[in-house]
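Please keep the sequence and the 3D view at hand while reading.

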Amino acid sequence: MNNNIAVDIQNVTKMYGAFAALKDVNLDIRDNEFFTLLGPSGCGKTTLLRTIAGFEDINNGAIVLYGQNIADLLPNERPVNTVFQQYALFPHMNVTQNIMFGLLRLGHDKATAKIRVGEVLELVQLSDFADRMPNQLSGGQQQRVALARALAPSPKVLLLDEPLSALDLKLRQAVRLELQQIQHQTGITFIFVTHDQEEALTMSDRIAVIEGGQVQQVGTARDIYEAPKNKFVADFIGETNLLEVNVTDLAGGKGSCILPGGAQITCPAADGAHAGPGHLSVRPERIAINTTDRGLVQGHATRHIYLGTDVHVEVTLTRGEKVTVRMQNSAQIQIPEVGQAVGLEFEADAARLLVD
C-alpha cells in the first residue's frame, strides 16, 4: 500500500435493511490532507464518516488506516477522534477538565495531561479560558474546546461531522480559517463532512462529492468546480446553466455540440460523455452578454437579481430555456433592460459536456 495514504476505503457497502446508505464506495485519503465529504442531506456522507469512526458497522468492504484494516475494531480501539456538530462538553467541568478527561481515561498521568492541555489550548487560541465553564463561552469558543479535546490524544485522523453548522455566518467563516491553520500546524489528516459548498471549496485539499450513497467525483476545489463530471456535480457545486444540446461528434476529449438556436460549439467533454442528446454546463460568470441579438445563443433579458457585488441577469432563450449571466456591479458595465434582445457568448472552454 502507498505509504502516503492515511485512509483507504475499499468497496464499502452499508445497508439499513433493504436500503443501501453506501454503495460500493472506494476512496483514498492522503496523509496530512484536509479532505471533505460533500453532499446534500441524506446522501451518505455522515454514514461514511461514522463507519470510519466505528459508530456504524459495514456490510461489505474494508476500511484501511495506515495499512491496518480497522473495520472490525471497536470505536475506542481506532486511532481516530471525532468532532461533532453538537459540542457535547461536560457542563459541570471547566475547559481544562473537559479536555483532560479523555487523556486521563487513556491512562495519561495528571501532570503529563495538564501539559498537553496547555499545548492544545494554545493551538486553538484559548489559553486564557482554561478555567472557564462551558456556559461562560460563546458558541465558537465551545467548538474550539471540542476541537482541542479531540486533538489532545494526537489521533492519526480527525473526523469532523458538520462542526460549523451551528455557528452564525461570520463566526463560521473565521473558524474555517482557524481549522485550516490547525490542520497545517498539526499535520493530522482531517476528514470533514459538510453540505455547504463554500466551506468545501475554501477549506479542502480535495473533495469527494457524494450523492445516493455513491461517490460522484473526487478532486481539488478547482477540479470539481471547473470540470464537473456529471449533471449532479455541476448543479450542486456553485451555480451553473445546464443547456440541452445534440452531440454530433466526440474526439480527443472534446465534443461537437449543436446549441439551442442551431449554433455549433466544440468544448471539453467529461469522461463517459456520448453522442446524441446531452447537457452542457456553463457557469454564469463565464458568459458574456451583449445588447444585440448576435451571439452563440440569443434571447431576451427577463429579470435582474441585485446581489451587491454582482448582478444576475436572467435571459430567456428563443426556445424558452432560462440562462443566468453573472455581471460585476460596476458603472462601466451596461446591464440590459428587462425585455431587451441580447446575445450570449461563452468564454473559451467555459462550456463542458457532461455525463448524463
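## Surroundings of Arg144

Apart from neighbours within four places in sequence, Arg144 is in contact with Val124, Gln125, Leu126 and Glu178. The model discussed here is a predicted one.

Arg144 belongs to helix α4, which spans residues 139-151. Its relative accessibility is 15%, and Arg144 therefore counts as buried, since the term applies to values under 20%.

Strand β9 covers residues 206-211 and strand β10 covers residues 214-219; the two pair in the antiparallel sense over five bridges. Within this pairing, Val209 stands opposite Gln217 in β10.

The two strands form a hairpin, with two residues between β9 and β10. Gly212, in the turn, has a positive phi of about 60°. As a general point, side chains in a regular strand alternate between the two faces of the sheet.

## Cysteines

How many disulfides does a search of the whole structure find? The search finds zero. Cys267, for example, is in no disulfide: the nearest cysteine sulfur belongs to Cys257 and is 4.3 Å away, whereas a disulfide requires a pair of sulfur atoms within 2.5 Å.

Is Cys267 buried or exposed? Cys267 counts as buried because its relative accessibility is 1%. Cys43 is also buried, with a relative accessible area of 1%.

Terms used:
Residues are numbered from 1 along each chain as its sequence is written. This is a predicted model: local features need pLDDT of at least 70, side-chain atom pairs count only at pLDDT 80 or more; totals for chains, interfaces and linings use all residues. Side-chain values use heavy atoms; hydrogens and water are left out. Buried means under 20% relative accessible area, exposed over 50%, partly exposed in between (1.4 Å probe, protein chains only). Two strands pair if DSSP finds at least two bridges between them. Helices (H or I, at least four residues) and strands (E, at least two) are DSSP runs, numbered from the N terminus. Contact means heavy atoms within 4.5 Å.
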